[in-house]
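Could you walk me through this model in my viewer, one selection at a time? I would like to know what to pick next and what I will find there.

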Amino acid sequence: MSKRKGVSAEEKRTRMLQLFYEKKEFFSLKELEKIAPKEKGIIAQSVKDVVQSLVDDGLVDTDKIGTSIYFWSFPSKAKHTRKRKLADASEKLEGAVKRLKVAKDSIIDAKVGREDTSARQELIKKIELLKGEENKLILEIQKYKDSDPEVLEQMKTDIKALKEAINRWTDNIFQLKSWCKEKFSIEETTLNKSFGIPADLDYLD
């Protein structure tokens, strides 16, 4: 008989938020430790940590009323929090696109002054950094996939534009390599090694 798979930390957070949204009430920690296991399959021992993580992320509110501490969260707050985080991610993405444009302009300048090999090496490094930043932003966006569809759609459009820009930049590097091979009769492997160009440099899908 296969061992039963436990519930992940993120799934516990999701289920706990659902409980708050469905009930739309105020709860003490003891009440949550009784309700959550029955209705959401969250073991009582982990309820405190799950709730605290949601409080730390601003998804659940808490306050002391008399001698007791209560917790609550409503769908409207969650929507506002997700929109704020999406706006932050969108701002970061916009910054990445701007930096990519600057880098693209630099590669065009480098193409004119082909003798500046150190500049081309620096630009290749920036490609890798921007790819990593793009992947982080994609993961960040996926966290809020249930939020405002219009905002998500815009961010997807921005990511598409970013990929296209990176591919155009990569294409410029390939053109530079082709020009050098024809002009100076240099082997591609030698060219890659001399200019610090990764052998696996390729377009993004």
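Start by selecting residues 61–65 and 68–72: these are strands β2 and β3, which pair in the antiparallel sense over five bridges. Keep in mind that this is a predicted model. For one of the pairings, click on Lys64, whose bridge partner in β3 is Ile69.

The three strands form an open, antiparallel sheet in the order β1-β3-β2.

Next, select helix α1 (residues 9–23) and helix α3 (residues 44–56), whose axes come within 10 Å and cross at roughly 80 degrees. Angles of 65 to 115 degrees count as roughly perpendicular, so that is how α1 lies relative to α3. To see the contact, show the side chains of Lys12, Arg13, Met16 and Leu17 on α1, and of Ser46, Val47, Val50, Val51, Ser53 and Leu54 on α3. By class, six of the contact residues are nonpolar, two polar and two charged.

Last stop: helix α7, residues 188–195. Which of its residues are buried? They are Leu191, Asn192 and Phe195. Look down the axis of α7: these buried residues fall within an arc of 100 degrees, so they line one face of the helix. An α-helix has 3.6 residues a turn, so residues three or four places apart point the same way. Turn to the other side of α7 and you will find Thr189 and Lys193 exposed. Finally, step past the helix to Gly196, which follows α7 and has a positive phi, near 70 degrees.

Conventions:
Residues are numbered from 1 along each chain as its sequence is written. Side-chain values use heavy atoms; hydrogens and water are left out. Axes are lines fitted to C-alpha atoms, for helices over the stretch in contact, and angles run from 0 to 180 degrees between N-to-C directions. Helices (H or I, at least four residues) and strands (E, at least two) are DSSP runs, numbered from the N terminus. Angles under 35 degrees count as roughly parallel, over 145 as roughly antiparallel, 65 to 115 as roughly perpendicular and the rest as oblique. Contact means heavy atoms within 4.5 Å. Ala, Val, Leu, Ile, Met, Phe, Trp, Tyr, Cys and Pro count as nonpolar, Asp, Glu, Lys and Arg as charged, and the others, Gly among them, as polar. Buried means under 20% relative accessible area, exposed over 50%, partly exposed in between (1.4 Å probe, protein chains only). The arc is that of the directions from the helix axis to the C-beta atoms. Two strands pair if DSSP finds at least two bridges between them.
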